[in-house]
Each structure stands twice: as structure tokens, then as C-alpha cells.
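Here is a walk through one protein model, from its core out to its charged side chains. Have the structure open while you read.

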Amino acid sequence: MMVAAFLKNLSHERPEYRWGAADALGRIGDERAVEPLIAAMKDPDPRVRKKAAWALGQIGDIRGQRPLLEAIRDEDDDVREIASEAYDILKKKVFGGG
């Protein structure tokens, strides 16, 4: 299945494969990707962390809450910004409200 291939690519040696996989997993929205995406939040490449944060927001699983809150303090400006937006999206999906 496609999800399995993207999950495998989250640990690919090339960062563009990793962030492409995180992007695809966020678009698919499969909850099996939550834990691997949480692990990707520790990736050395900020582009991967940014995409993983975005994907966690899109999936909207409560397990993504703490990693997104931690990423709001990331060393990279873009990661912090995307993590903050993703956290807001996740919060709406999990807890409702507008």
C-alpha cells in the first residue's frame, strides 16, 4: 500500500525523500503515520521537521499535540511557524471550536 512506502521513505538517507514522504502522509491523513511523523520531528533537516509538523496538524491526532508544542521552540524559524499553525489546526480537529 502507498502508506507503507511513504512510511519507509521517512527514514530515507536523502532529506527530500523524507520531507516528500511527510507531505504525502499529511495529505493522505492515515493515523498509522502519526508515530513515525512524531519521530520525524527530530530529523536533522528543518525541511523534514516542518513537513512532519504540517502533516501532524493535517492528521489531527491527539498524539501530535506534545511534539507540536515542543516544535514551537525549534531552532528554525520556519519550523516554529508551521508547528504553531499545525498545533492550532490539530486543536480544532481534536477539541472542536472555530
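**Ground rules**

Let's settle burial before anything else: a residue counts as buried under 20% relative accessible area, exposed over 50%, and partly exposed in between, using a 1.4 Å probe and protein chains only. By that scale Arg47 is partly exposed, with a relative accessible area of 40%.

This is a predicted model, so local features need pLDDT of at least 70 and side-chain atom pairs count only at pLDDT 80 or more, while totals for chains, interfaces and linings use all residues. Residues are numbered from 1 along each chain as its sequence is written, and side-chain values use heavy atoms, with hydrogens and water left out.

**The nonpolar core**

In soluble globular proteins, nonpolar side chains tend to be buried together. Here, the largest nonpolar core has 24 residues. (Such a core is a set of buried Ala, Val, Leu, Ile, Met, Phe, Trp, Tyr and Cys residues joined through side-chain atoms within 4.5 Å.) The residues with the most contacts inside this core are Leu10, Leu25, Leu37, Met41, Leu56 and Leu68. At least two core residues come from each of α2 (15–28), α3 (34–40), α4 (46–59), α5 (65–71) and α6 (77–95), and α4 gives the most, with 6 residues. Helices here are DSSP runs of H or I, at least four residues long, numbered from the N terminus.

Leaving aside residues up to four places away in sequence, Leu56 touches Val34, Leu37, Ile38, Met41, Asp61, Gly64, Leu68 and Leu90, where contact means heavy atoms within 4.5 Å.

**A closer look at α4**

Which residues of α4 are buried? They are Val48, Arg49, Ala52, Ala53, Ala55, Leu56, Gly57 and Ile59. The buried residues of α4 pack against α2, α3, α5 and α6.

The length of α4 checks out too: at 1.5 Å a residue, its 14 residues should span 20 Å, and the end C-alpha atoms are 20 Å apart, which agrees. (The expected span is 1.5 Å times one less than the number of residues.) Just after α4, Gly60 takes a positive phi of about 70 degrees.

**Charged pairs**

Side chains of opposite charge can pair when their charged atoms come close. The structure holds 13 salt bridges, each one a side-chain nitrogen of Lys or Arg within 4 Å of a carboxyl oxygen of Asp or Glu. One of them joins Asp45 and Arg47, with the closest N and O atoms 2.7 Å apart; Asp45 is buried, at 12% relative accessible area. Another joins Arg63 to Asp61, with 2.9 Å between the closest N and O atoms. Here Arg63 is partly exposed at 35%, whereas Asp61 counts as buried at 11%.

Within α6, Asp77 and Arg80 lie 3 residues apart, about one turn of the helix. These two form a salt bridge, their closest N and O atoms being 2.1 Å apart. Asp77 is exposed at 51%, and Arg80 is partly exposed at 28%.

**Lys51 and the rings**

Asp23, Arg27 and Lys51 are linked in a network of salt bridges. The charged end of Lys51 also sits over the ring of Trp54, 5.1 Å from its centre. (For that call, NZ of Lys or CZ of Arg must be within 6 Å of the ring centre and within 35 degrees of the ring normal.)
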